[in-house]
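Let us take some of them in turn and ask what stands behind each.

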Amino acid sequence: MNSSTQKWVNALSKINQLTQDGVLQWSIQDPPSHMREGTDNKVDLVYLAVFKDTRLRLYESRYLAHDDYDSTYWAKRPVLEIIDDRGRALWTFPGARGIYDLFEAVQYQTAGVNQLLNRFLEDEQPSN
């Protein structure tokens with residue numbers, strides 16, 4: 001793996017770790033109109049975070065794909081971008097496995113899964 005690729009892998013790993021540790025907090029928003037209109041891609045929602053004055057946007061893009069047997073199906077891929085204060089994409093991270101892992105961590109965080117599990121466990125009555 002070359003040093004540039006390793007740098008991206010390390011950066012994505014760090015963003016993921018900060019997310020899992022709760023240091024980097026993500027919020028949910030509806031996708032901007034340019035992501036919903038005039039495109040064959042589908043984006044249901046976007047996640048936003050700010051890290052050291054840099055705005056990040058993460059979303060899952062669903063698109064029509066074709067296989068070798070002329071079948072059409074919906075494929076999906078997560079996309080991580082640096083955006084400006086008006087929501088315009090300034091740069092898109094190269095595709096890497098780490099973005100899939102980050103997407104799962106952000107979904108987990110914003111859905112409040114950890115808090116829900118803790119509430120379930122708090123309500124358990126000790127058996128004697």
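Q: Which residues of α1 and α3 meet in this predicted model?
A: From α1 come Leu 12, Ile 15, Asn 16, Thr 19 and Gln 20. From α3 come Gly 98, Ile 99, Asp 101, Leu 102, Ala 105, Val 106 and Gln 109. By class, the contact has 6 nonpolar, 5 polar and 1 charged residues.

Q: At what angle do α1 and α3 pack, and why is α1 called roughly parallel to α3?
A: The angle is about 10°, and the axes lie 9 Å apart. Angles under 35 degrees count as roughly parallel. Therefore α1 is roughly parallel to α3. The crossing of α1 past α3 is left-handed.

Q: How do you know that the span of α3 is close to the expected one?
A: Helix α3 covers residues 97-111, which is 15 residues. From first C-alpha to last, α3 reaches 22 Å. The expected value is 21 Å at 1.5 Å a residue. Just after α3, Gly 112 has a positive phi of about 70°.

Q: Which residues of α3 are buried, and what covers them?
A: The buried ones are Ile 99, Leu 102, Phe 103, Ala 105, Val 106 and Gln 109. Their cover includes α1, β2, β3 and β4.

Q: Why is Gln 109 called buried?
A: Gln 109 lies in helix α3. Its relative accessible area is 16%. Buried means under 20%, so Gln 109 is buried.

Q: What does Gln 109 touch, leaving out residues up to four places away in sequence?
A: Gln 109 touches Thr 19, Gly 22, Leu 24, Gln 25 and Trp 26.

Q: Where is Lys 52, and what makes it exposed?
A: Lys 52 sits in the loop between β2 (46-51) and β3 (54-66). Its relative accessible area is 69%. Exposed means over 50%, so Lys 52 is exposed.

Q: How do you know that Asp 53 is exposed?
A: Asp 53 is also in the loop between β2 and β3. Its relative accessibility is 78%. The cut-off is over 50%, so Asp 53 counts as exposed.

Q: What is the phi of Lys 52, and what is the phi of Asp 53?
A: Phi of Lys 52 is near 50°, a positive value. Phi of Asp 53 is near 70°, also positive. Neither residue is glycine. Most residues other than glycine have a negative phi.

Notes
Residues are numbered from 1 along each chain as its sequence is written. This is a predicted model: local features need pLDDT of at least 70, side-chain atom pairs count only at pLDDT 80 or more; totals for chains, interfaces and linings use all residues. Side-chain values use heavy atoms; hydrogens and water are left out. Helices (H or I, at least four residues) and strands (E, at least two) are DSSP runs, numbered from the N terminus. Buried means under 20% relative accessible area, exposed over 50%, partly exposed in between (1.4 Å probe, protein chains only). The expected span of a helix is 1.5 Å times one less than its number of residues. Contact means heavy atoms within 4.5 Å. Axes are lines fitted to C-alpha atoms, for helices over the stretch in contact, and angles run from 0 to 180 degrees between N-to-C directions. Angles under 35 degrees count as roughly parallel, over 145 as roughly antiparallel, 65 to 115 as roughly perpendicular and the rest as oblique. A crossing is left-handed if the near helix is turned anticlockwise from the far one by less than a right angle, and right-handed if clockwise. Ala, Val, Leu, Ile, Met, Phe, Trp, Tyr, Cys and Pro count as nonpolar, Asp, Glu, Lys and Arg as charged, and the others, Gly among them, as polar.
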